[in-house]
Amino acid sequence: MQYPTTSLIMNLQRHLHRQKHHLHLQNQLVNRKVKPCDVFINHRGTDTKRTLVNLLYDHLTRFNLRPFLDNKNMKPGDKLFDHINGAIKSCKLGVAVFSPNYCDSYFCLHELALFMESKKKVIPIFCDIKPSELQVANNGVCPEEDVKRFNQALEEAKNTVGLTFDSSKGNWSEVVNKASDTIIRNLIEIENRERIHPLIKH
């Protein structure tokens, strides 16, 4: 008879622990009041939509959450700024997925600035980029007022503890699980605080 190896047993124990942990978090979310948008995923589509962002979106929906992702939540005819601005203002939490081409997008920077100006909590995920590498390219096309807003928002994000991920070395499943756990824990904290202080706005 062949007995299981020590490494196999340890992997099984880790898997069972992860399942138990996820079940515990899920039980805390079952009876919660659902909002139109729990968490807004701010990202650069060309860099991360088909990988990290879609995986994260799918993972969060399994936890009875309602993440906002432009290609999932918007339909033809929706006014871009109105829909996105409304989702940011109504959500409880933001996730900013920074990537190499993030700062080339006016929309990414506008969403981030709106989050910071709304005093929303934002969880940064630095994917294939270091915080120090993020900077607004002032090419003269963007109004100075917006450049100032974007730089302030980026500085605030750089000074916020986040997750880092290198797609050439890292494990996609691992970073998605870690990001989901962080998001859920923060949502639970926010909602507990709202129950204690119902006048708090997010």
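1. A residue is called buried when its relative accessible area is under 20%. Keep that cut-off in mind while reading this predicted model. Cys108 has a relative accessibility of 2%, so Cys108 counts as buried.

2. The structure holds zero. A disulfide needs two cysteine sulfur atoms within 2.5 Å. Cys108 is in no disulfide either. The nearest cysteine sulfur to Cys108 belongs to Cys103, and it is 8.5 Å away.

3. Cys37 is also buried, and its relative accessible area is 3%.

4. Turn to strand 1, residues 39-43. Five of its five residues are buried, so the rest of the structure largely encloses this strand. Which way do the side chains point? Val39, Ile41 and His43 point one way, while Phe40 and Asn42 point the other way. In a regular strand, side chains alternate between the two faces of the sheet.

5. Which strands pair with strand 1? Strand 2, residues 67-68, runs parallel to strand 1 and is joined to it by two bridges. Here Val39 stands opposite Pro67. Strand 3, residues 93-98, also runs parallel to strand 1, with five bridges between them. In this pairing, Ile41 stands opposite Val95.

How values were computed. Residues are numbered from 1 along each chain as its sequence is written. This is a predicted model: local features need pLDDT of at least 70, side-chain atom pairs count only at pLDDT 80 or more; totals for chains, interfaces and linings use all residues. Side-chain values use heavy atoms; hydrogens and water are left out. Buried means under 20% relative accessible area, exposed over 50%, partly exposed in between (1.4 Å probe, protein chains only). Helices (H or I, at least four residues) and strands (E, at least two) are DSSP runs, numbered from the N terminus. Two strands pair if DSSP finds at least two bridges between them.
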